Amino acid sequence: MFYLRFVLAVVAFSPALFLLSCSSDKVEEMQAPLNDVSRWGVQLQDIEIKKIHQSDLDLVVIDYSKDGTARGRFSSYEIAKAKEKPDGSRRRVLAYLSIGEAEDYREYWKDTWQETPPKWLGDENLNWPGNYTVKFWQPEWQGLIMAYLKHIISAGYDGVYLDGVDVFQRYDEGDQAQARMVKFVGKISRLAKAQEPGFIIVAQNGEELLRFPEYRDEIDGISKEDLLFGAYQDGARNSPQLIDWSWGFLAEAQRDGLSVFVIEYLKDGDKRRRARKELDELGVISLFTRRPLDTLVAF
């Protein structure tokens, strides 16, 4: 978005130069690469490329690999197929990438870490066995993520969906931990966009980072889980204070031109209908699905 503001400033002084250097299609893409997305899905388990191809979704987030291993990576051909809708038009396909936790089924994991963990590896997440908190600012961890990111780009994905952004909340360092994450996401964004112009960066949760203008400049969208329900108990309505706190940051992102996505995990049909209406009124792109994320769209 910083680049867009610069371009607009140039236009004010030299519109002819701008018209010669950019097509209208490219201008629209720079302004809002996700503004045509109305239906989307996230699937991290039991992924079938054929079903993605047959769906009518505008955006799909999938795991980069069938099983997390290098051998299980989806091929460039499979990603190209997933990008194609049944009518021949394009959908965007983003690769899931956790930057706040190390996962013991990923290709970067070393078995020796169980006995002699690297200094940047923290405790296991009791809610998600096999996932370990990381000191995300450490160069070795960031190097692993950057190598992983390069594989994602070369496979032909349209972008990445960054999970674990909110891991900074586990470190009692106040603004320093937030600033470190802003810097890390910026590093990811700049590397990806330099290698593949138009590459999309969507961050999940950690919405308080949106208060940093430089963070909003580096991402194209923000996804929030459990905005209305389920923050503390599945199916339970969140407090008005918590909803207002999160929405304050998300609304700022929305005003700044970022696409805002919301995932709700609601089994109750009546709650889903009411939540969908509420989210539609907020102007966000909603998804109602199962917490295991083992299907594209559950409801």
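Biologist: What is the strand order of the open sheet, and which way do the strands pair?

Modeller: Start from the general idea. Strands of a sheet pair through backbone hydrogen bonds, either parallel or antiparallel. In this predicted model, the open sheet has 8 strands in the order 1-2-3-7-8-9-10-11, and the pairing is parallel.

Biologist: Which strands form the edges?

Modeller: An edge strand pairs on one side only. Here the edges are strand 1 (40–43) and strand 11 (285–288). From one strand to the next, the twist averages 20°.

Biologist: How many bridges join strand 1 to strand 2?

Modeller: Strands 1 and 2 pair in the parallel sense over 4 bridges. Q43 has I62 of strand 2 as its partner.

Biologist: Now the helices. Which strands does helix 9 lie across, and at what angle does it run?

Modeller: Read the angle between N-to-C directions. Helix 9 (residues 240–255) lies across strand 9 (221–225) and strand 10 (259–264). Helix 9 runs at about 160° to strand 9.

Biologist: Where does helix 10 lie?

Modeller: Helix 10 (residues 269–282) lies across strand 10 and strand 11. Its angle to strand 11 is about 165°.

Biologist: How far does helix 7 reach from its first C-alpha to its last?

Modeller: Compare the span with the expected one. Helix 7 (residues 175–195) has 21 residues and reaches 30 Å, close to the 30 Å expected at 1.5 Å a residue.

Biologist: Which residues of helix 7 are buried, and what do they pack against?

Modeller: The buried residues include A177, M181, F184, I188 and A192. Q178 and S189 are also among them. The buried residues of helix 7 pack against helix 6 (139–155), strand 7 (159–163), strand 8 (200–204) and helix 8 (213–218).

Biologist: What does N131 touch beyond its sequence neighbours?

Modeller: Leave out residues up to four places away in sequence, and N131 touches E101, A102, E103, Y105, D123, E124 and N125. For a separation in sequence, take D104. D104 and N131 are 27 residues apart in sequence but 6.5 Å apart in space, C-alpha to C-alpha.

Biologist: Which side chain makes a polar contact with the side chain of N131?

Modeller: The side chain of E101, at 3.2 Å. E101 belongs to strand 4 (residues 101–103). E101 also counts as buried, because its relative accessibility is 8%.

Biologist: What else does the side chain of E101 make a polar contact with?

Modeller: The side chain of N125, at 2.9 Å. Not counting residues up to four places away in sequence, E101 touches Y108, N125, N131, Y132, T133, V134, W141 and R170.

Definitions and conventions: Residues are numbered from 1 along each chain as its sequence is written. This is a predicted model: local features need pLDDT of at least 70, side-chain atom pairs count only at pLDDT 80 or more; totals for chains, interfaces and linings use all residues. Side-chain values use heavy atoms; hydrogens and water are left out. Two strands pair if DSSP finds at least two bridges between them. Helices (H or I, at least four residues) and strands (E, at least two) are DSSP runs, numbered from the N terminus. Axes are lines fitted to C-alpha atoms, for helices over the stretch in contact, and angles run from 0 to 180 degrees between N-to-C directions. Contact means heavy atoms within 4.5 Å. A polar contact is a pair of N or O atoms within 3.5 Å; within protein, one must be able to donate a hydrogen and the other to accept it, and residues adjacent in sequence count only if both atoms are side-chain atoms. The expected span of a helix is 1.5 Å times one less than its number of residues. Buried means under 20% relative accessible area, exposed over 50%, partly exposed in between (1.4 Å probe, protein chains only).
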